Amino acid sequence: MPFIANTDEQRKRMLADIGLTREQLFSDIPKELLCGRLNMPDGLPEQEVRGILAELAGKNSIDLTLFLGGGFYDHFIPAAVYSIVSRSEFYTAYTPYQPEVSQGTLQAIYEYQSMICRLTDMEAANASLYDGGTAMYEAMMMALRVTGRNKVIIDTSVNPIYRVMIESYTKNLKIELVQTHCATGLVDREQILSKLDDKTAAVILQNPNFFGCIDDFGDIAEKAHSKGVLLAVSCYPISLGILKTPGAMGADIVTGEGQSLGMPLSFGGPYLGFMATRMKYVRKMPGRIVGQTLDRQGRRCFVMTLQAREQHIRRDKATSNICSNEALCALTALVYLSLLGKQGLRETAQLCADKASYAYKRLTAIPGVKPHFRAKWFFNEFVLDLPCEAADVIAKLIEKGFAAGFPLSRYYPDMKNCILVCVTEKRTKQQIGMFAEALESVL
Amino acid sequence: MKLIFDKSVPARCGVRPTRSDVASTINIRREFLRDTPAEISELSELDVIRHFTQLSRRNFGVDTNFYPLGSCTMKYNPKVAERIASYPGFAHLHPLLPQLRGGGMLTQGALAVIYEMDMLLREITGMAGFTMQPMAGAHGELAGIMIMAAYHRDKGNKKTTVLVPDSAHGTNPASAAIAGYKVVSVPSNNKGVMDVKALKSALNDEVAGLMLTCPNTLGLFNPHIKEICDLVHSVDGLTYYDGANLNAIVGKARPGDFGFDIVHINLHKTFATPHGGGGPGAGPVGVTEKLLCYLPVSIVVKRDDGTYALEYDRPKSIGYIAPFYGNFAVILRAYVYILMLGREGLIRVAENAVLNANYIRVKLKDYFEQAVNAICKHECVLSPSKKMLEAGVHAIDVAKALIDKGFHPPTVYFPTTVKEAMMIEPTETESKETLDAFIEAMIDIAALAESEPEKIKAAPVTTPVCRPDETAAAKNLDLACL
């Protein structure tokens, strides 16, 4: 049998040794509950399984040139990332309950927490959440705990995939979710301020927002704080190579999707939800946290700390139910950032912005193609108005080998002709040129 | 070991980003830019590789050491699954593609994996349908309780409470509470399983459901499981099966046949995907026929022409709980594992897991206290003997002494219903030789605890660091190097 070491002979000896029979081992299960023969195929050897899966992998189109983002990005991943992350000392370990034999994982998490803080200008980060959407939901729940209030303001420029997740999660809870509408590409200050009151726990915003537009929420943070309201900002970590940080804007909780930091797209996961906050709120933060301390001999070491917040200690009073998180993805992000370094991250962000800017110029020069928003500052995504339905254009461009972008009407019914186009450092000038020609040819 | 930040040298370069082929025109207003670059460490590629290779050597993993961490099912993770997850056809696939018009046909291979996995899990658990979205066991629990809530809302039931046994994983009460329910704990009887009488007295019309692992965290199968499910159903409550311990019965018995309405499976446990130092996992949730309509959006369906598609039109659904289709690369690994094992292989998993656990239990029962003297399933719970405790040697000391003998410790101080608990789960992938060596080490420790307890209290001495000051860590919080 695959992956089982003991031979029939050994099993017999073991049973004899402990004075039990094979039947006795399952004698505690009432007979009528045993299931009999399952209706499924017999096991296959590795060679055949690899053949089957290679065939399935071949049925997925990965030769399209991607201008598709929407919060999930096709960035370059250095080979060394995979070399480290595929070390089985990391990937076959589990939660570092025993610090003496888990210093590798623990120090890596501490360094990851530090990296996230340095990137976002915050003071404390947790050891990861499932993805950007659940991280935003957890930020919202954390704000409710910090403030003891139950109203949350969330803008429509926040990734709609996250917003629908939050709607599901809060269906059975007494939370008032208030939506503000983004019409210009930037959040409408007046709308948000008019909804701020002493029942409000948090304002949730995103930068760059789902439309790719860049903002500075410093003014909103100030007004929010004056009413005891927290500002939670979701951000795109690569953009922080050049963009003003949520910390510098005065955010209280920062979350985001970490997939862009070295994780392949993998059809939706595993990804990485990151979360950072101010020290004063750290005891209300969900998730694992690693801290530095000394061992009995005074040597520096790392341990899981503030565990009294967590489900395995606090049960129904815990800050969150999370147990398994995305530790290996957090390691991936740490290794990716370490390899790029200070300069490499800045250059990567700059490349994204430059290439997006070039693509924007090329595409808006096409007759009938116009920028949708007045706001003109974007990072690596932008919204274009097409002369016809975006979904149709996208379907036609798939035929020509391009994933042209995301049709916004999927979440914004009044944006039927709008397409969200994304450009990463992986796209070349030539690809952008060919894309522009293809787009022009199908309009 | 130094932190990566302490190794940084200004202006040192690691991986070079690609050269730019367009003009660099900062098309962004000055005040939207950061003033100074993020203080990311500056290292060469070799510096980075060496740093993390050294860190990796300060870890125990399944590939380096026996790792009998109870309730976590630390079995061998087949390498072929890693290889397949890295196939470009899977790794480079954008999750938004099938949401484009005509895009579904571009991802038929990936959709097939999700669909086929659904079918296999249905057969293995006896449920009517699955969602693959939950990204961990606890996430599956939350999804399951949300489904429970949707069912009661739909029926107009006024339900406020979820029951959990006192021996439950902490995630059970936490998930129920986060979904908006009051949690009531049901005590175990002297045989270590949920007390049917206690359950009866806890049951009333406000009970939305019961969450249960079976076998439970003591490794015991509750023979009254069907009666328990029937009792909960009698107040229109739903039964939730926490699949954390499915490895004990996989291929032999199915939660669906016991009477469970909602089931989650930890793919990283039973189906051998790597635990990653704390994740990622995957926690698909299966339900009975009457609950299918509440499963999250979207679901993969097979059309009459044999192609696969995503179904979004699900008006009674609890909605989205993941951005896409779950932790796809984890689901893929588990799928590979099930294909390799097949029907017969799965039965062997349970049989060998249970044999290995009982082998350890019986061989050690004269040296340690058994939580319950009965046949266990995938794991057994032991405690230090009276003599050991009198000598001042506790479960944590046994755990640390095991480290010096080259073993990852069992789960300690859980379940909390057993004093000084050590929860040992060997899994089916370990050989008799490994188990014998572990048993010998445990017997040595038991003897040493009486003769030279101070040696055990000093353990571990073979590791790069010894016991840390956890109180200081919580008091003088140092959570980041800034």
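Which residues in helix 5 of chain A meet helix 12 of chain A? Let's keep that one in mind, everyone, and come back to it in a moment.

First, a word on what is on the screen. This is a predicted model. Its scores are ipTM 0.98 and pTM 0.98. For chain B, the average pLDDT is 97, and 100% of the residues score at least 70.

Let's start where the chains touch. Chain A brings 172 residues to the contact, and chain B brings 174 residues. On the side of chain A that touches chain B, the most comes from helix 12, residues 327-364, which gives 24 residues. If you sort the residues on that side of chain A, you get 89 nonpolar, 50 polar and 33 charged.

Now, helix 12 of chain A also has a partner inside its own chain, and that takes us back to the opening question. Two packed helices are described by the angle between their axes and the distance between the axes. Here the axis of helix 5, residues 103-120 of chain A, comes within 9 Å of the axis of helix 12 of chain A, and the two cross at roughly 60 degrees. Because of that angle, helix 5 of chain A counts as oblique to helix 12 of chain A. The crossing of these two helices of chain A is left-handed.

And the residues? From helix 5 of chain A we have T105(A), A108(A), I109(A), E111(A), Y112(A) and M115(A). They meet A327(A), A330(A), L331(A), A333(A), L334(A) and L337(A) of helix 12 of chain A. Sorted by type, the residues of this contact between helix 5 and helix 12 of chain A are ten nonpolar, one polar and one charged.

Let's turn to chain B, and another pair of helices. Helix 4, residues 108-125 of chain B, and helix 11, residues 328-364 of chain B, have axes that come within 10 Å and cross at roughly 45 degrees. So helix 4 and helix 11 of chain B are oblique to each other. Helix 4 of chain B passes helix 11 of chain B in a left-handed crossing. On the helix 4 side of chain B, the contact is made by A110(B), V113(B), I114(B), E116(B), M117(B), L120(B) and I124(B). Helix 11 of chain B answers with F328(B), I331(B), L332(B), Y335(B), I338(B) and L346(B). How do the residues of this contact of helix 4 with helix 11 of chain B divide? There are twelve nonpolar, no polar and one charged.

Next, the sheets. Strands of a sheet pair through backbone hydrogen bonds, either parallel or antiparallel. In chain A there is an open sheet of seven strands, in the order 2-8-7-6-5-3-4, with mixed pairing. Strand 2 (124-125) and strand 4 (176-180) of chain A are at the edges with a single partner strand each, so one side of each has no neighbour in the sheet. Further in, strand 5 (residues 200-207) and strand 6 (residues 230-235) of chain A pair in the parallel sense over six bridges. V203(A), for one, has L231(A) in strand 6 of chain A as its bridge partner. Helix 9, residues 218-226 of chain A, lies across strand 5 and strand 6 of chain A, and runs at about 150 degrees to strand 6.

Chain B has an open sheet too: seven strands, in the order 1-7-6-5-4-2-3, with mixed pairing. Strand 1 and strand 7 of chain B pair in the antiparallel sense over three bridges, and T131(B) has V285(B) of strand 7 as its bridge partner. Helix 4 of chain B comes back here: it packs on the sheet and touches strand 1, strand 6 (262-265) and strand 7 of chain B.

Most residues other than glycine have a negative phi, and most peptide bonds are trans. R315(A), in the loop between helix 11 (311-314) and helix 12 of chain A, has a positive phi near 50 degrees. The bond that joins G279(B) and P280(B) is cis, with omega about 5 degrees. The peptide bond from F414(B) to P415(B) is cis as well, with omega near 0 degrees.

Definitions and conventions: Residues are numbered from 1 along each chain as its sequence is written. Chains are lettered from A and ligands numbered from 1 in the order in which they are written. This is a predicted model: local features need pLDDT of at least 70, side-chain atom pairs count only at pLDDT 80 or more; totals for chains, interfaces and linings use all residues. pLDDT is the predictor's confidence in each residue, from 0 to 100. Two residues are in contact if their C-beta atoms, placed from the backbone, lie within 7 Å. Helices (H or I, at least four residues) and strands (E, at least two) are DSSP runs, numbered from the N terminus. Ala, Val, Leu, Ile, Met, Phe, Trp, Tyr, Cys and Pro count as nonpolar, Asp, Glu, Lys and Arg as charged, and the others, Gly among them, as polar. Axes are lines fitted to C-alpha atoms, for helices over the stretch in contact, and angles run from 0 to 180 degrees between N-to-C directions. Angles under 35 degrees count as roughly parallel, over 145 as roughly antiparallel, 65 to 115 as roughly perpendicular and the rest as oblique. A crossing is left-handed if the near helix is turned anticlockwise from the far one by less than a right angle, and right-handed if clockwise. Two strands pair if DSSP finds at least two bridges between them.
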